[in-house]
Amino acid sequence: ISDQKPLGCWSVKHGQILTCPVVCNFETHEYIAVHDDKVLRIWKNEDINLDKAFKATLSADVYRIHSLPQGGPVVLFRGGGVRTLDVLLEAPQQEIENILSGEAIRWSGAFMEGQEPVLIFTTEKDGEFFVYVQKPKLSSLHRYKLEPQESAKPLCFTAHITNQTVTLLCLYSNDSVYQVLIPLQQDTEEEEEEEEILSKSLLLNLSVSGAVLKGTSLVVLDKDHVAVLGSLAAPGKEPRECLTIWNAKFQTLQTSKELPLGTSGQLWCYEEKFFLIHGKVLTVILYKCETSSLAAAVGKLKDSQTPDMSLFLNWNTLEDEELVVSFQSQESVALKAESRMNLRSRRSTGEQPMTLPVGQLLLNLKSASNFVLETELKKLMAKAPTPDLQATIGCVVTALTDRCKRNPKYYPQNFLQQIVETHELSYSLCPDLMAVALEKKDMPLLQMCLERFPDIPEEVTYTCLKAFLSLSEAHLQTLDVNVDSVICYIDVELDDQEVKTEIVENGFSAEMDQDMCDTKMSEESHFRSRGESCPVGLQKAALLNAVLHAAYTETFLLPHLKNLPAQQAILFLRYLYYLYVKCSEKVNTTLPGIRSPTINQIMDWMCLLLDAQFTVMVMLPEAKELLSNLHKFVRAQVRFYSELNKIEGSLQELQRLNHLRESQTYSIEVLEII
């Protein structure tokens with residue numbers, strides 16, 4: 001989340017449907033999914049094809065898989081049966097008992113009580129609600145009936161376990177939160193003759209100053225605080241979606257945050273962080289619960305020790321949460337929202353700043369002259385404390401790019417390049433920087449960003465690629481582009497005479513290529529065997545190498561590459577083919593130079609470009625020869641490596657004999673390789 005970068009993407013086959021949320025097994029670092037209700041899939045992060053992952057078909061439909069850090073995964077079936085994953089994998093087709101009679105599961109949660117996992121789920125049948133508490137490892141199951149509520153029904157549930165007691169919180173349609181206490185029973189031998197009815201008590205009334213919160217999701221923060229996501233409706237006003245935190249002990253609203261872009265109605269909480277969908281963005285909100293007291297609950301805490309939570313503000317996009325939005329009150333809960341850009345691990349030290357906060361300083365510099373702005377920002381970066389240095393630099397860059405957007409004539413090119421070159425930044429810390437650089441056609445700065453930023457969105461990478469390919473060689477020669485990645489291996493033409501690098505053939509020759517392909521050596525093959533000149537100039541090659549270094553996810557980049565103009569796609573493929581030949585000429589398949597592309601990067605991009613543009617290239621006459629030569633070259637290499645594989649066993653035996661031979665014994669041996 002901090003780098004805004006997908007780390008992995010897996011998909012099921014066409015027609016298959018994932019039927020429950022995917023979870024991670026904390027013990028084995030594996031992912032667990034269920035598709036089509038009964039098919040279990042387990043795979044690791046390095047696995048690429050989900051269809052080749054471990055597969056087990058179960059005998060009953062799965063409702064949900066819960067993963068516990070110390071207890072392992074627990075599988076809940078739609079019929080109410082529960083199994084730990086280890087027991088289930090021993091016999092995937094084992095019969096699963098159906099303990100629910102016409103009941104539908106509405107919610108489930110898994111918890112650890114000591115060393116034992118405890119699964120709690122609620123069901124509904126004909127308007128009545130039931131609660132099940134089960135300990136899978138002890139085969140213990142208890143069923144309760146929830147006390148009915150007139151003219152209201154439960155909307156969502158959450159729970160926690162403390163001192164052998166389950167506290168079940170229920171959000172009802174009458175805008176109230178009720179609490180149900182369920183003792184964890186130890187005696188599993190005696191069955192109860194009558195169904196026990198659970199009584200509930202009113203915990204919280206979700207209304208304040210005449211406004212009522214229509215809650216949709218509820219989570220527990222600690223023993224005194226709960227968070228509710230919902231729509232706040234005041235008389236005579238339009239409902240507004242809000243995230244609220246309530247002190248259940250003193251029945252007070254601690255703080256709230258309006259969410260104008262709308263939500264999905266779901267709220268998750270994990271390790272003191274909220275996760276919710278705000279508009280089209282996954283928003284992460286850090287929170288901190290302090291000790292609950294009456295003075296704090298009513299806002300009368302005079303000697304507040306809450307550290308200064310004021311963070312960096314963006315002048316233009318504060319309302320949209322484009323940068324950090326923070327708000328602080330004197331209540332016992334301090335809630336701070338960090339944006340999708342500044343999700344860096346920052347901790348408040350509690351120390352009182354000796355100068356103005358960064359946000360206030362940036363506000364004061366909003367109308368300052370360009371010289372004063374740059375001078376003060378340089379001072380700010382020089383004295384920024386180490387824990388907040390990255391965030392401070394990000395805000396400095398944002399301040400500069402904001403000034404560039406307001407004043408088209410202003411562009412501190414050298415200052416921006418110096419910042420990117422000397423500091424560890426990321427795209428998420430300064431998302432407008434590359435957009436401004438593209439607008440100003442600052443190719444050297446874009447090259448730096450592509451080589452250094454780990455989290456550039458695929459759309460931005462594609463835009464840079466398209467811009468690089470569209471520039472003329474004459475214009476590029478006027479730019480100060482770093483050519484360290486290409487200068488050591490590229491072939492350039494000087495005075496109509498080619499200057500070429502030294503070639504060390506990687507185990508094959510033109511004659512072998514000719515024999516293997518059963519075709520005459522074409523002019524392209526002859527050129528390749530002697531070293532072909534690069535299809536692009538020195539500067540453009542360096543810029544394209546920067547694109548090859550950018551991290552990407554194939555699923556997200558492929559749709560953009562399909563929009564690449566045909567002539568640019570052919571030029572890019574010709575350059576990739578040139579690099580591929582250059583790598584193959586070297587014994588270690590490694591190009592010399594600083595930040596030179598690797599053979600894996602070259603092949604990945606070549607495959608990606610062919611996937612995106614293959615239909616177009618097949619139809620273009622000018623691409624026919626290129627595709628034919630690429631095909632012959634790859635086929636020759638495949639056959640060459642196949643021949644190497646045939647003698648692999650003999651080479652391994654030779655290596656073993658060398659280890660067995662006495663070091664001081666002289667001998668001449670003849671090994672016949674058949």
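Biologist: Which backbone nitrogen lies 3.0 Å from a polar atom of the side chain of Asn-25?

Modeller: Good place to start! Keep in mind that this is a predicted model. In it, the backbone nitrogen of Glu-27 sits 3.0 Å from a polar atom of the Asn-25 side chain. Asn-25 itself belongs to strand E1, residues 18–25.

Biologist: Is Asn-25 buried or exposed?

Modeller: We call a residue buried when its relative accessible area is under 20%. Asn-25 has 7%, so it is buried. Leaving aside residues up to four places away in sequence, Asn-25 touches Glu-30, Ile-32, Ser-67, Pro-73 and Leu-85.

Biologist: Which way do E10 and E11 run?

Modeller: Strand E10, residues 128–135, runs antiparallel to E11, and 6 bridges join them. In this pairing, Gln-134 stands opposite Leu-141 of E11. The two strands make a hairpin with 4 residues between them, and Ser-139 in the turn has a positive phi of about 55 degrees.

Biologist: In which sense does E11 pair with strand E15?

Modeller: Here the sense is parallel, with 3 bridges between E11 and E15, residues 196–198. Leu-146 faces Leu-198 of E15 there.

Biologist: Where does pLDDT stay under 50?

Modeller: One such stretch is residues 300–356, for which the model has 128 contacts beyond four places in sequence. Another is residues 493–531, with 72 such contacts. For the chain, the mean pLDDT is 77, and 76% of residues reach 70 or more.

Technical notes:
Residues numbered from 1 in each chain as written. Predicted model: local features only at pLDDT ≥ 70, side-chain atom pairs only at ≥ 80, totals over all residues. Heavy atoms only, no water. Buried < 20%, exposed > 50% of the residue type's maximum accessible area, 1.4 Å probe, protein only. Polar contact = N/O pair within 3.5 Å; in protein donor to acceptor, adjacent residues only side chain to side chain. Contact = heavy atoms within 4.5 Å. pLDDT = per-residue confidence, 0-100. Pairing = 2+ DSSP bridges.
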